[in-house]
Amino acid sequence: NDEPLAPALFGYSPADSIFPVFHNLYIEPMAYGTVIENSFLPFQMKCIKKSAGYYALAKVPTIFGRVGFQTGISDSNGVGNKFGIEKVSFIVNGKILIERLFHKYSYSEDRQAPWVFDYFKTSIRSTGYVYNLFKWPFETLDFAKSYEGYSGFLNTLEYPAGKLNFAVKAYDYGNNHIKADGAITCTDISFKDKTIPGEVLADYGDFSVTQNHFSLIAVAKRKPGAKPKQGNQPVFGMIECRDSGGTPFAMPCILREDAIEIAFDNHARWQYGARVKNVKILEETVFVDYNGKLVRSEEGGEVQFNIRSLHFGAFVSFGSADNKCVNSRGLPKITPVWVLKPGNIVFDAEARVRLAFANYAGNPEKLGVYCVSDNGNVSYNGETLEYGILSFVTRTGGKYIVLEDNAAPEVKYSRVGFNYDIGNCFIFTVSDLGKGVDYLGMSATINGKRAVVYSDPDRREVYVKKPAGNKVCDIKVKVNDRAGNVTSVSVKK
């Protein structure tokens, strides 16, 4: 059995005197209409260290509705590496709502990792591993096996109004434990008691939209110079929104000194857009639910969501954007930037993206799909070429572009060294701007005779076995990249 088992499962505890570290606490809305600190949006606060192993939360947030908590934790071995922890517990008013124990894991359950760790927050520097302190009903991992689905979710309607105390405890595999104490204020909010007129939108700019598993949230900032008519206190009410057919619906709305927020329920009616008066609030999207759907772009691309790709409905859009801001590192840009949204939700199963590349007369084997970061940099994503279409699978939204890899790999002699597999060797460094080095397709000769070649992709190094003796070696190395570009170098050592 090569699947991961923690030594702690067999009673082994390593010598370890380094405490884990709390980073941030996150509060996520887990129901339509949930309000956290006068907003429909998630909330984040810092864990402040008070003493060795003890933290306190920076704020006592006010909450209405159902929420889920997350916390970022890292554990160091003292030389820069970061690890997870053995156990984490979420405790409310002295009662454990959920406890996760990280002893057993099956590779066949890899796809469930995002239900335990928040993929997007964990990917950010200095956040640690961000653990979900709740359990989705579709999670079947051993980490919280004795707890039912929805364990750890906190609904303020189940608690009397006022302050509620909670704690997060974590233990590493050396039994060093840390604790963070916090509190929230449970409140009661009624949206139906007040009607917010659509005319208030004149004081606000354009709307941006985000979504979670339960809601679409439209947010607009107050225009410079516009004075809040409601004063400094937030106003909770209902605002009339119309779907694409003109049918009116009263939607929860929050007016704050700095912004306005409107919450839309996760219903297919909103996929064709929404307006308040003559102001567009929601753009047209495609609502994809548990049954899956094919989402097509007018520009020739498509995304296939199969059945069970999503546990919750999502508003999906797929289209193209200008590629001028993309830093392609000199590789020719073949397509515009393809944008798949939502970009903040992990799909339960892979979606298949297909991209066309019309009016390209070159070698399609040189084409590759690259991810585009927010700052315009690219990294190779990977793809399959079938019948003139580039396709790939993904579990999140993102931005992509098709580039032509016409740049040969770079090969440089580095030094004489030792490799565990082949012994004394000549070492070359390799790099590639495009689709990457083909580490299995390289070859070398020494003094005209075929030489043993080994490589380490992690180090980006190629090793050519050094013959015995001290005579001068005429070394020739040939390196291919995955687009078929070739570089040959010769050195005498």
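Lys399 is partly exposed, with a relative accessible area of 27%. Here buried means under 20% relative accessible area, exposed over 50%, and partly exposed in between (1.4 Å probe, protein chains only). Lys399 forms a salt bridge with Asp374, the closest N and O atoms being 3.7 Å apart. The pair links distant parts of the chain, 25 residues apart: Lys399 is in strand β31 (residues 398–404), and Asp374 is in the loop between β27 (367–372) and β28 (378–380). Asp374 is exposed, at a relative accessible area of 77%. A salt bridge is a side-chain nitrogen of Lys or Arg within 4 Å of a carboxyl oxygen of Asp or Glu.

The model is predicted: local features need pLDDT of at least 70, side-chain atom pairs count only at pLDDT 80 or more, and totals for chains, interfaces and linings use all residues. Residues are numbered from 1 along each chain as its sequence is written, and side-chain values use heavy atoms, with hydrogens and water left out.

The protein has two helices and 39 strands. Helices (H or I, at least four residues) and strands (E, at least two) are DSSP runs, numbered from the N terminus. The C-alpha trace spans about 90 × 65 × 45 Å along its principal axes. Of the 493 residues, 48% are buried.

Side chains of opposite charge can pair when their charged atoms come close. The salt bridge count comes to 20. In one of them, Glu37 meets Lys59 at 3.4 Å, N to O. Glu37 lies in the loop between β2 (35–36) and β3 (43–51), and Lys59 in the loop between β4 (54–57) and β5 (62–64), so the pair ties together parts that are 22 residues apart in sequence. Glu37 is partly exposed at 23% relative accessibility. Lys59 is partly exposed too, at 38%.

Another salt bridge joins the side chains of Lys435 and Glu383 (3.2 Å, N to O). Lys435 sits in the loop between β33 (423–431) and β34 (443–446), and Glu383 in the loop between β28 and β29 (384–386), so this pair ties together parts that are 52 residues apart in sequence. Lys435 is buried, with a relative accessible area of 5%. Salt bridges with shared partners also join Glu28, Asp118 and Lys121 into one network.

On a 1 Å grid over the protein atoms alone, a cavity is a set of points where a 1.4 Å probe fits but cannot get out; a pocket is an open set with protein on both sides within 12 Å along at least five of seven lines; lining residues have an atom within 4 Å of a point. Grid points are joined across faces, edges and corners, and a volume is the space filled by probe spheres set on the points.

The largest pocket holds about 1,400 Å³. Its lining has 50 residues, and Ser317, Val339, Leu340, Lys341 and Pro342 are the closest to its centre. Strand β24 (residues 314–321) gives the largest share of this lining, five residues.

The second largest pocket holds about 630 Å³. It is lined by 26 residues, of which Glu28, Asp118, Phe120, Lys121 and Asn344 lie nearest its centre. Helix α2 gives the most to this lining, with three residues.

One cavity of 30 Å³ or more was found in the whole structure. The largest cavity holds about 70 Å³. Among its 13 lining residues, His213, Leu310, His311, Phe312 and Val346 are the closest to its centre.
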